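Let's take a walk through some packed helices. Have a look at the structure first, and then we'll go through it piece by piece.

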Amino acid sequence: VESGVPAEKPAKKEKANKISLKNFSLKNLNKKKVLKILLIGCVAIGIIGCTAVGVIIAKTPSIDTDKIAEILTESTIIYDDKGNEVDTVFYESNRTNVKFEDLPDNMVNALVALEDKTFLTHNGFNFIRIGGAIVQAVFTGGDIGGTSTLTQQLARNLFLQDTQFDRSYIRKIQEAYYSVIIEREMTKEQIIETYCNTVYFGFSAYGVQAASQAYFSKDVEDLTLEQCA
């Protein structure tokens, strides 16, 4: 160089910048600060989640479990002058309601074993199942599903008919909210009874009694173990 002063070496300056950026990482942060950041993030997510749930519940229509009987309309059975059944007439649902005491033990036990093993102990919904389904939905990007207890299924069939096939967070929250109300105002026996009078079994048969007549031409209380299954 003519001036005798060495020229600057930009390569070293760039290298120094790269080194300083490379050395900036979470490893250099204090562990307490990292935990504090994570804790604040979890609290923020929890607050946002609780607020969202509260808003959804506030907008959810109220229900009256005393009026369930009005929803479970029954079919009209026509008899001849000798008392023989001639025909069954119904408007929307072919249904004949039965009492809990008329349900075979095999049917009740099979229903609980297959659909909701924790039915006798939970208060409407299963926190573990819902939590696991939410985590799976978040990480897979899919819909939330497979979390409904018997009580939630009953709530969906009775009070959420317009959205019963939607696997959305809103419907699940409404379903869980209704299930808590149902569990608070109805006994386990009443829930099982109502559920068995609600489920659709094909052949236009709603409820176990209509299904029993449709498939086996007998009352539900006379079903064998195999027929209950």
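**How H6 meets its neighbours**

In H6, Thr151, Gln152, Leu154, Ala155, Arg156 and Phe159 touch Arg171, Glu175, Ala176, Tyr178, Ser179, Ile182 and Glu183 of H7, where contact means heavy atoms within 4.5 Å. Helices here are DSSP runs of H or I with at least four residues, numbered from the N terminus. Sorted by class, the residues of this H6–H7 contact are six nonpolar, three polar and four charged. Nonpolar covers Ala, Val, Leu, Ile, Met, Phe, Trp, Tyr, Cys and Pro, charged covers Asp, Glu, Lys and Arg, and the others, Gly among them, are polar.

Before going on, keep in mind that this is a predicted model: local features need pLDDT of at least 70, side-chain atom pairs count only at pLDDT 80 or more, and totals for chains, interfaces and linings use all residues. Residues are numbered from 1 along each chain as its sequence is written, and side-chain values use heavy atoms, with hydrogens and water left out.

How do the axes of H6 and H7 cross? The axes of H6 (residues 150-159) and H7 (residues 169-185) come within 8 Å and cross at roughly 105°. Axes are lines fitted to C-alpha atoms, for helices over the stretch in contact, with angles from 0 to 180 degrees between N-to-C directions. So H6 is roughly perpendicular to H7, a label for angles of 65 to 115 degrees.

H6 also packs with H8, at about 50° and with the axes 10 Å apart. The contact of H6 with H8 has six nonpolar, three polar and no charged residues.

Methods
Helices (H or I, at least four residues) and strands (E, at least two) are DSSP runs, numbered from the N terminus. Angles under 35 degrees count as roughly parallel, over 145 as roughly antiparallel, 65 to 115 as roughly perpendicular and the rest as oblique.
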